[in-house]
Amino acid sequence: MTNSELKNIWSVPKYLPYVQPELTPELLEQAQKQIGYKLPEKLVEILKIQNGGYIRYKIAETPQEQIMGIGPYFPSLTDFDWAESKQYVSFELDGLVPLDGDGHWYICLDYREHQEDPQVTWIDLECDHQEKLANSFAEYVELLTLDVNEGDLVIQTEHSIENNAKQIEQILEIKFESPEHFNSGYASYRGKYKDSWIWLTPNQVPAGFVREDDKRYHELKDQMSFSSVQYLNIPENDLFLVLSEEELNSEVMEKLGKHDIKITPITELLPEGS
């Protein structure tokens with residue numbers, strides 16, 4: 001992973017409740033004392049860019065979504081307890097520090113064999129299974145690839161999402177619902193095309209979002225005033241069109257193309273190997 005990719009490892013928009021306060025030397029020292037191990041330098045480097053949250057990259061065939069930060073809010077890298085889980089697995093849990101997980105599975109720093117340079121291990125508590133993903137955290141980072149839905153279509157445009165939505169409605173003879181902002185903090189139009197759901201979303205979005213029903217909403221809402229892009233290699237004004245039935249992609253591309261709408265599969269616009 002290049003320095004540029006590492007700098008932009010975090011997803012946009014960032015889910016603000018999952019981002020901890022800025023990582024300070026004092027906070028890092030306290031965390032390392034709490035877990036009993038020194039954290040890998042590459043992980044510290046990443047957490048200094050943003051202290052926890054969802055990431056753009058993952059390892060194929062794993063459900064990884066985030067890297068936990070260090071701090072007082074859920075989820076925190078230091079907030080774990082294996083006491084109740086030990087009865088369900090045949091392997092040792094002490095020495096594992098979760099980076100991500102949902103209570104059933106975890107991706108962990110694994111200090112059980114190498115206390116100075118931990119491996120990265122996947123564990124499944126329900127299946128009593130463990131699997132080494134990488135010999136070190138630095139190696140693990142190199143295995144991460146950009147998480148992208150290869151069926152996404154990109155509309156290359158200078159017009160607003162509202163104007164594009166109206167034009168698409170006319171061409172495809174559909175009706176978008178009122179845009180939904182709740183789950184992502186940006187406009188997401190949804191409609192029905194034949195037997196497929198179709199979504200229209202922007203590349204330029206708020207840099208962060210928090211839901212109005214979150215208890216920290218009033219504390220964090222001002223951070224939503226900044227903007228960023230979801231995909232750095234795609235112009236900020238472009239839009240994403242996603243169909244739940246990808247076999248309709250070619251048909252939709254043909255119909256929109258006849259009306260001079262420039263639409264391209266996202267895989268053709270991202271650098272090879274992203």
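Some ground rules come first. Because the model is predicted, local features need pLDDT of at least 70 and side-chain atom pairs count only at pLDDT 80 or more, while totals for chains, interfaces and linings use all residues. Residues are numbered from 1 along each chain as its sequence is written, and side-chain values use heavy atoms, with hydrogens and water left out.

## The chain as a whole

The protein chain has seven helices and 17 strands. Both are DSSP runs numbered from the N terminus: helices are H or I with at least four residues, and strands are E with at least two. Along the principal axes, the C-alpha atoms fill a box of roughly 60 × 40 × 35 Å.

Of the 274 residues in the chain, 51% are buried. Here buried means under 20% relative accessible area, exposed means over 50%, and partly exposed is in between (1.4 Å probe, protein chains only). A contact means heavy atoms within 4.5 Å. Among contacts with a separation of 6 or more, 61% link residues 24 or more positions apart.

Now to the strands. Strands of a sheet pair through backbone hydrogen bonds, either parallel or antiparallel. In this model, two strands pair if DSSP finds at least two bridges between them.

Look next at strand E7 (residues 119-124), which is joined to E8 by five bridges, running antiparallel. Val-120 has Ala-134 in E8 as its bridge partner, and Thr-121 has Lys-132 in E8. The hairpin of E7 and E8 has four residues between the strands, and Asp-128 in this hairpin takes a positive phi near 50°.

## A sheet of five strands

Another open sheet holds five strands in the order E11-E12-E16-E10-E17, again with antiparallel pairing. Its edge strands are E11 and strand E17 (262-265), each pairing on one side only.

Within it, E12 and E16 pair in the antiparallel sense over five bridges, and Pro-202 stands opposite Leu-239 in E16. Helix H5 packs on the sheet, touching strand E10 (153-156), E11, E12 and E16, and its direction makes about 155° with that of E12.

Which residues of helix H3 (residues 41-49) are buried? They include Leu-43, Val-44, Ile-46 and Leu-47. Seen down the axis of H3, the buried residues fall within an arc of 160°, so they line one face of the helix. That arc is taken from the directions between the helix axis and the C-beta atoms. The face turned away from the buried side carries the exposed residues Glu-41 and Lys-48.

The buried residues of H3 pack against helix H1 (3-7), H2, strand E4 (66-67), E5, strand E6 (105-110) and helix H4 (137-143).

| Residue | Relative accessible area | Class |
|---|---|---|
| Thr-24 | 32% | partly exposed |
| Ser-184 | 14% | buried |
| Ala-138 | 40% | partly exposed |

Thr-24 is found in the loop between strand E1 (14-15) and helix H2 (25-35). Its C-alpha atom is separated by 23 Å from that of Asp-222, 198 residues apart along the chain.

Ser-184 sits in the loop between helix H5 (161-172) and strand E11 (189-193). Leaving aside neighbours within four places in sequence, Ser-184 is in contact with Pro-13 and Phe-209.

Ala-138 belongs to helix H4. The C-alpha atoms of Ala-138 and Ile-9, 129 residues apart along the chain, are separated by 14 Å.

Terms used. Axes are lines fitted to C-alpha atoms, for helices over the stretch in contact, and angles run from 0 to 180 degrees between N-to-C directions.
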